[in-house]
Amino acid sequence: MINVSAAQLSLWISTYFWPFVRIAACLMLAPVFGSKLIPHRVRLVVAGALTVLLAPLIAVPAKVELFSGGSLVVTLQEMLIGAAMGFTLQIIFDAVEMAGQLLANSMGLSFAMSVDPLHGTSTPVLGQFYTIMVTLTFLALNGHLLLIESITQSFSLLPIGMTGLGHDGLWMLVNFGGTLFSGALMLALPGLAAMLIVNFGFGVMSRAAPTMNLFAVGFPAALALGLIVILLGLSSVQSGFMHLVDAAMMMITSLVSNQG
């Protein structure tokens, strides 16, 4: 008869429980995995499968009892670490969507709204188009596998324990939130500059020919030129998105490397 003590049982459960908390928190907020189109049960199954694969390689604090106040602290720390990793990468995708919204407003497509299934809100169609394009690019470049690799490395860079991101790590995450605006401006700036020139030209035309109806002539022309700008700028959007993904992955590594 095999005798299992309470301490051994607690150690076995904690070996899988705490890694599962970090992995599940990351997948709940990370792009692609955290989409509302993917049921919660599927995310939990994926998180459980990754936990089963990684748990034997992860060291857990043996001195912390599973049902204790210290266990609650460790659980909250693991949840915060996983959420920070997923949120860091989600900021990049939100920046791309914001870039599409800025460009849509400048070319007169802001009225073309539809329900975004990823967020459950109404957003311009151009922003959704950019989001779908970069999501396919992310998957084509095995970005989802890179995210899983980052989760795996995080357990060695920042082991499970009562020490989490710390003050410095949280401040780094707050500062990285500015990428939502700077990244959106970087992606949309070429198109915004082109549309600014177009609008400036229409302004000169209105001064030269005051009787011309700019609403009847300028709007179709701005829309057609805007579509041309979008077509010519697709490659720059993809390259800018790849640059932002690299920055996000470096940020994730810096977060889990910080022991503050």
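Colleague: What does phenylalanine 129 count as, by relative accessibility?
Modeller: This is a predicted model: local features need pLDDT of at least 70, side-chain atom pairs count only at pLDDT 80 or more, and totals for chains, interfaces and linings use all residues. Residues are numbered from 1 along each chain as its sequence is written, and side-chain values use heavy atoms, with hydrogens and water left out. Buried means under 20% relative accessible area, exposed over 50%, and partly exposed in between (1.4 Å probe, protein chains only). Phenylalanine 129 has 39%, so the residue counts as partly exposed.

Colleague: Is tyrosine 130 buried or exposed?
Modeller: Look at the relative accessible area of tyrosine 130, which is 4%. Because of that value, tyrosine 130 is buried.

Colleague: How many helices and strands does the chain have?
Modeller: Helices (H or I, at least four residues) and strands (E, at least two) are DSSP runs, numbered from the N terminus. The order from the N terminus is α-α-α-β-β-α-α-α-α-α-α. The count is 9 helices and 2 strands.

Colleague: How many aromatic pairs does the structure hold?
Modeller: Rings of Phe, Tyr and Trp (its six-membered ring) pair if their centres lie within 6.5 Å; planes under 30 degrees apart are stacked, over 60 edge-to-face, the rest tilted. By that rule, the number of aromatic pairs is 3.

Colleague: How far apart in sequence are the parts tied together by phenylalanine 93 and phenylalanine 241?
Modeller: These two rings form an edge-to-face pair, 5.3 Å centre to centre, with 80 degrees between the planes. Phenylalanine 93 lies in helix H3 and phenylalanine 241 in helix H9 (residues 234-257), so the parts tied together are apart in sequence by 148 residues.

Colleague: What is the angle between the planes of phenylalanine 129 and tyrosine 130?
Modeller: Their rings lie 6.0 Å apart, centre to centre. The pair is tilted, and the angle is 40 degrees.

Colleague: Which residue meets glutamate 78 in a salt bridge?
Modeller: A salt bridge is a side-chain nitrogen of Lys or Arg within 4 Å of a carboxyl oxygen of Asp or Glu. The count here is 1 salt bridge. At 2.6 Å, N to O, the partner of glutamate 78 is arginine 22.

Colleague: How far apart in space are glutamate 78 and tryptophan 18?
Modeller: Contact means heavy atoms within 4.5 Å. Beyond four places in sequence, the contacts of glutamate 78 include Trp18, Val21 and Phe155. Glutamate 78 and tryptophan 18 are 60 residues apart in sequence, while their C-alpha to C-alpha distance is 6.8 Å.

Colleague: What share of the 260 residues do buried residues make up?
Modeller: Count the buried residues against the whole chain. Their share of the 260 residues is 41%.
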